Amino acid sequence: MHARPRSISAWITVMLGVAVSVLVMTGSGSASAAPVPLAGSQTCQKPAPRTDDTIHIQGCLSDSREKPPAAVPGVDISVEDESGKEVGSGTSNESGVFDIPLPGASIDNLGQTFTVKIDKETLPEGAALRNPKQVSLAVTIKLDSDVFVTFPIGDATGGGAGKATQALQLAVGGLVFSLLLAMAALGLSMIFGTTGLTNFAHGELITFGALVAYGVDALPGTIRIGGTNVTIAVAVLAATVLSAAFGWVNDRALWRPLRHRGTGLIAMMVVSIGLSIFLRNIFQYVAGASTHQYSQFSSPRPWSWGPVLVTPKDVFVVLFSTVVLVLVVIALQRTKLGKATRAVADNTALSAATGINVDRVVTVVWIVGAMLAGLSGVLLGMTQGFDYQIGFKILLLVFAATVLGGLGTAWGAIVGALIIGLFVEVSTLIIPAELKFVGALVVLIIVLLIRPQGLLGRAERVG
Amino acid sequence: MDWHAIFSQALQQGLGPVAAVYCLAAIGLNVHFGYTGLLNFGQAGFMAVGGYAVASFVATWGLGFWLGSLVGLLAAAVLALLLGVPTLRLRADYLAIVTIAAAEIIRQVIGSVTLLEYFGGQDGLQGFNRSFAGLNPFEGGGRIGIPGVVTWRPYDFWTLLVCWAIVALCCLIVWALMRSPWGRVLKSIREDEDAVRSLGKNVYAYKMQSLVIGGVIGGLAGIMSALQHSAINPSFFATDTTFFAYTVLLVGGAARVFGPVAGTVIFWFLLSFLDLFFGQATAGADPSIPSAIMNSNQASLMRFIFMGLSLMLLMIFRPQGIFGDRRELALDAR
């Protein structure tokens, strides 16, 4: 966090403001609810395992516009052999699953190629294949086990609507994601700035927040104030407070003693890797390996704002995280402690000499950094569900955001996160969605090649 | 509790082919981190490049196994050059972030559905090791080893022998390199880069050479990993693979020729010991540890919890590892 001219902080604030107003402006259109397939039914319940010697072609149709994806029932699927003769057919059930047995024993079908076709006419209104051309899949039987095929289902507008609408829709998702990323990246960047530690265990601070909220959410009963169910608000609050405490414990129990005994930065980096492995497995020990959703945070129908769909959840996350980020940025810029933080980041020895209590500043930075990370974890869990390694999965993107903006610069972390988050989502217009993180990481490497100090960093050349 | 089975199987892992593969990966890291001070957190990427070059050459394109191995090693060298050019002039932590990101890029790309026909997606590739398995002189016999103490299946024993032979060769190469003038320059780069530069050495070129050599050894580890499993898939090359290799290196002692060898035997022995111990303690109708405290799924996590904890404690209290020399290794270089 090098001292930046005030104009940049103002610019960031304006940028965040614009981001929010874009979201609000797109909402002036009609408020009709989008066609939503049956929500609530259990998605993808696998058929019971069998012991007979046949091969089944199975699959699950789910509508990825919903989070979690909703089952798509009543769609006809047929299977043809190599000569084009239909050898089996089936219809997806309430949980979206279809199960088509192939004729003959499994040994007869080994090495054969079958074509699985989906009947587009039977899709529910409003839903369509995400890839409209992919109405059939060729499957070659290699093992004597069941074959699982999938047809991604999403917006009917996917093919027909203009690229602009799609880009806008993706940008909304990207904005939500980037603000969450920004909170995590700001914490990482503040900690790096004041202590020089590249903290590979930062992802676990994110997961910690999500898990605490899950703990509150999973408590029996609901917490009510004046008849309103406020369980999720209490969960967010608990996650914030406990994450802050967790950050304090991290610093007090581990990092401060290490700093005082003069452990090198590289050694500390390796220690943080050990901590990351340690905590991640403890999280899995406690929470299991499955993906969780907050049960008491219902997912209301999305609003159709003009051409784009926005969920109330998205709006909440954007507003909430913007407020938090603006508060932290203002605190860094205006308060005495914030100024001390920037001074420590700029030159630790000099700020200690001027009477700043460096240890106290670093403790506060750890508390705030962990709090931000925990908050981003809860909100991430709300938007897309979470598991024990959600933080570890996005850790590299957090690094990418931090490095892109400039390691150790607070404003840089936010700008970097906005760019990375939007890039990750909008890039799926061109590249396959499964490779969206790859695009962001490639951007990271290219930025280091051209401008190693990051967009807002101070040039510093070693070697 | 069947102590004989626990010790025997832990020893089997400690001396087995997996340990040898991680030993190779750690030798590569030793060249990078131990001798040159380069923080390569993407060793898994080098391994993936090597392993997938062999697997896809044979299984996808039907080309020769040996040609594939050669291309795999070359590809690892090219990857080292690609990663080195932008980062070796920067601070140590930039190399760490770029290499970890690159390894993740490689893993996600080779596991993608888009490239399914070449690399087999998440299922990976199989059936590429026939020419290697065909050389196995032990095929057909029963389990090989010391009966009652430690035994392996014939194919495992064959890969184990080849792996450890390669480890011996790599140790010899590293030993020879590091006692040469070239190796002394590497070690002084680790200690004080600026001093070396002021003596007129091209630090950048030396670092690049070190990155390439360690990366090629990593590629070799990837090839052996694929052969040892008779299969390959992206999950072999997750970020944790690199971290395991680092733990192996740090347990034995960085900047020691035999550090990775000692480290891998100890690491895999302890890891499988913990796994088997907690596995047995939670198994059966009346487990020694009540299932309310720990079930068998949780038991399999205990070894990683211990591993993370020991990596931390090791780095804090004994960064030179078991056999290292504290004066040898200044980890404070930035």
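Chain B has an average pLDDT of 89, and 98% of its residues reach a score of at least 70. The model is a predicted one, and the predictor assigns the complex an ipTM of 0.91 together with a pTM of 0.79.

**Confidence within chain B**
- Helix α11(B) has the highest confidence in chain B, at 95.
- Confidence in chain B is lowest in strand β2 (residues 144-146), where the mean is 82.

**Contact between chains A and B**
- On the chain B side, 43 residues are in contact with 37 residues of chain A.
- Five elements of chain B each give two or more residues to the side that touches chain A: α4 (65-87), α5 (92-110), α11 (203-229), α12 (239-252) and α14 (296-317).
- Of these, α5(B) supplies the largest share, with 13 residues.
- By class, this side of chain B consists of 30 nonpolar, six polar and seven charged residues.
- Helix α11(B), one of the elements that give residues to this side, is also where confidence in chain B is highest.

**Overall composition of chain A**
- Chain A contains 14 helices and 15 strands.
- Of its 463 residues, 45% count as buried.
- Among contacts in chain A with a separation of 6 or more, 76% are between residues 24 or more positions apart.

**Helix α11 of chain A**
- Helix α11(A) covers residues 358-384.
- Its 27 residues should span 39 Å at 1.5 Å a residue, and the end C-alpha atoms lie 38 Å apart, so the two values agree.
- Because 21 of the 27 residues are buried, α11(A) is largely enclosed by the rest of the structure.
- G385(A) follows the helix and has a positive phi, near 80°.

**A four-stranded sheet in chain A**
- Four strands of chain A form an open sheet in the order β5-β4-β7-β9, with antiparallel pairing.
- Strands β5 (86-91) and β9 (136-140) of chain A are the edges, each pairing on one side only.
- On average, neighbouring strands of this sheet are turned by 20° against each other, direction ignored.
- Strand β7(A), residues 113-118, pairs with β9(A) in the antiparallel sense over five bridges.
- K117(A) stands opposite S136(A), a residue of β9(A).

Note on methods
Residues are numbered from 1 along each chain as its sequence is written. Chains are lettered from A and ligands numbered from 1 in the order in which they are written. This is a predicted model: local features need pLDDT of at least 70, side-chain atom pairs count only at pLDDT 80 or more; totals for chains, interfaces and linings use all residues. Two residues are in contact if their C-beta atoms, placed from the backbone, lie within 7 Å. Ala, Val, Leu, Ile, Met, Phe, Trp, Tyr, Cys and Pro count as nonpolar, Asp, Glu, Lys and Arg as charged, and the others, Gly among them, as polar. pLDDT is the predictor's confidence in each residue, from 0 to 100. The expected span of a helix is 1.5 Å times one less than its number of residues. A residue is buried if 20 or more other C-beta atoms lie within 10 Å of its own, exposed if 12 or fewer, and partly exposed in between; C-beta atoms are placed from the backbone. Two strands pair if DSSP finds at least two bridges between them. Axes are lines fitted to C-alpha atoms, for helices over the stretch in contact, and angles run from 0 to 180 degrees between N-to-C directions.
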